Amino acid sequence: MRKRASKPAVRGAVSPEQIATWAAPVARRWRTQRALAPVSLATMRGIEAKAHRLGHTSAQLLASGGAAIADLAAALVAGRVSDGGVAGGAPIFLLIGGGAESALALEAGLLLAADGADVVVGLCSTRARPEHVAASAAWDRLEALKRARRYRIPDLRE
């Protein structure tokens, strides 16, 4: 029996099959890494330490991760636009936390805005800026871009 495509329960939502179709160009590029097992936090720290020993800086690692996220975001936006799910030129909305993990999303936002997309970043934190040094620096760089807007969402009720 053939499996039917799932239908979104919410109007405007997309199915997993649609997302897979839109992400296919990016997925093809990363196909060889797909078979790799997930890594633990300790293993990731070891990978980063080795990259530093080989001469890569933290900024280069963040830029590389941000570029991968930006590629996927751009592919998903292009798919939504081509399917008529969203109007062309609609902003890309990023919700980030205040910790270190937000640095990658902010790097992606910087690249998307530099490539001409309108980007809106919502910082979900009680603090005025991300706490991590790299994330804080990227948060500041967003202010200089005309296509990027930053907002702080201090509490879940807002």
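Colleague: Quick one on Met 44: what does that residue count as, and at what relative accessibility?

Modeller: Met 44 counts as partly exposed, at 32% relative accessibility. Buried means under 20% relative accessible area, exposed over 50%, and partly exposed in between (1.4 Å probe, protein chains only). This is a predicted model: local features need pLDDT of at least 70, side-chain atom pairs count only at pLDDT 80 or more, and totals for chains, interfaces and linings use all residues. Residues are numbered from 1 along each chain as its sequence is written, and side-chain values use heavy atoms, with hydrogens and water left out.

Colleague: Where is the place of Met 44?

Modeller: Helix H2, residues 41–53. Helices (H or I, at least four residues) and strands (E, at least two) are DSSP runs, numbered from the N terminus.

Colleague: Zoom out. How many helices and strands are in the chain?

Modeller: 5 helices and 3 strands. From the N terminus the order is α-α-α-β-α-β-α-β. The chain has 158 residues, and 23% count as buried.

Colleague: Switching to charges. How many salt bridges does the structure hold?

Modeller: The structure holds 6. The criterion is a side-chain nitrogen of Lys or Arg within 4 Å of a carboxyl oxygen of Asp or Glu. One of them pairs Asp 71 with Arg 29 at 2.8 Å, N to O.

Colleague: Which helices do Asp 71 and Arg 29 lie in?

Modeller: Asp 71 is in H3 (residues 58–82) and Arg 29 in H1 (residues 16–29), so the pair ties together parts 42 residues apart in sequence. Asp 71 is partly exposed at 34%. Arg 29 is partly exposed too, at 47%.

Colleague: What does Glu 107 form a salt bridge with?

Modeller: Arg 141, with the closest N and O atoms 2.7 Å apart. Glu 107 sits in H4 (residues 102–114) and Arg 141 in H5 (residues 133–143), 34 residues apart.

Colleague: Is Glu 107 buried or exposed?

Modeller: Buried, at 12% relative accessibility. Arg 141 is partly exposed at 40%.
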